[in-house]
Amino acid sequence: MAQLPDYLLGVNQRELERLRFQHGVWKHVTDGFLDRIGVKPGWKCLDVGGGPGFVAMDLRERVGDAGEVTVLEPSEFYLAWLTGEAQRRGWKNVHALPGTSESARLPERTYDLIFSRWVIGFVPSPEKFLEPLFAALRPGGVIALQDYVYEGLSLFPNGGPFDRMADAVRAYWRSGGGDPYVGASVPTIFRRHGIELADYTPHCLAGGNTSDVFEWAHRFFTVHIHHMVEKKVLSPDEGEAMLQDWLAHKENPETVFVSPIVMDMAGKRSL
Ligand SMILES: C[S@@+](CC[C@H](N)C(=O)[O-])C[C@H]1O[C@@H](n2cnc3c(N)ncnc32)[C@H](O)[C@@H]1O
């Protein structure tokens, strides 16, 4: 079987803490999506690339004792964290399944909901990622994705080196084999596979230099500008200039940060 490229953002305790903070900042967006889908007690859910399982825990709250939540995730480190957390909460119906979407042997026609947030943008073939998931949905089941259409990222007052950051991030995603505009190709993939597009809702968060959304971006850029330089997406001078521009905005009360677009995308398997 073809080996997938290494996952771009890496797996370690610092990244786990970044994911936890990120979950807090975007939780109201994901909660709203799950509300619109209408997740119910008793549902059988699969969270693909669920990481340490922050959304899986929220799903477990919704499906209750009668439901089931499985996290399909290649990182043993994240799955160990998930298992520990489920035990701590006394939950016996949260399961860890090691593997990737492309390689896992999932049961067919089984899940009421298959959810995946910030994963499909990293994979070399979104269609190969999605095909096994469509087959694992029960007829009438819902597939729900949240990922970027990487437009909109901006930092004001503008005019400095950070203005080129959206291009740099898009190149960074592509350097790992992913697609920063993946959200724009999902409706076509759904259509090709007979999945009815049921929800397609963009979200963008914005805030000043002391806002949570600024801190979310800070935790990403202060780590990943260095990796963009290592991957030669940025020259060392460009990386340093962008970092200094960002850090100056962090001290400026007039700063406004605007996030890139995160798209909620839900599809329904026909009966
Ligand atoms: C940015 S994290 C998002 C974690 C979680 N979904 C969340 O929203 O907090 C991306 C996760 O996708 C996993 N991943 C990467 N490629 C994958 C694949 N092909 N199939 C399943 N999971 C994958 C990574 O190990 C990582 O845990």
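Mentor: Before we start, helices here are DSSP runs of H or I with at least four residues, strands are DSSP runs of E with at least two, and both are numbered from the N terminus. This is a predicted model, so local features need pLDDT of at least 70 and side-chain atom pairs count only at pLDDT 80 or more, while totals for chains, interfaces and linings use all residues. Residues are numbered from 1 along each chain as its sequence is written, and side-chain values use heavy atoms, with hydrogens and water left out.

Trainee: Okay! Where does T100 lie?

Mentor: T100 is in the loop between β3 and β4.

Trainee: Does it count as buried or exposed, and why?

Mentor: T100 counts as buried because its relative accessibility is 19%. Buried means under 20% relative accessible area, exposed means over 50%, and partly exposed is in between (1.4 Å probe, protein chains only).

Trainee: What does the side chain of T100 make a polar contact with?

Mentor: The side chain of S103, at 2.8 Å. A polar contact is a pair of N or O atoms within 3.5 Å; within protein, one must be able to donate a hydrogen and the other to accept it, and residues adjacent in sequence count only if both atoms are side-chain atoms.

Trainee: And S75, where does that one lie?

Mentor: In the loop between β2 and α3. S75 is buried too, because its relative accessibility is 9%. Its side chain reaches the backbone nitrogen of F77 at 3.3 Å.

Trainee: New topic, the ligand. Which residues come nearest?

Mentor: Y7, G49, E73, E102 and R117, out of 18 residues around the ligand. Being near means that one of a residue's heavy atoms lies within 4 Å.

Trainee: What is an oxygen atom of the ligand 2.7 Å from?

Mentor: An N or O atom in the side chain of R117. For E102, a polar side-chain atom sits 2.8 Å from a ligand nitrogen. With G49 it's a polar backbone atom, 2.8 Å from a nitrogen atom of the ligand.

Trainee: Last one: why is α2 called largely enclosed?

Mentor: Because 8 of the 10 residues of helix α2 (residues 54-63) are buried, the rest of the structure largely encloses it. Among those buried residues are F54, M57 and V63. The buried residues of α2 pack against several elements, including α1 (13-37) and β4 (111-117); contact means heavy atoms within 4.5 Å.

Trainee: What follows α2?

Mentor: G64, with a positive phi near 70°.
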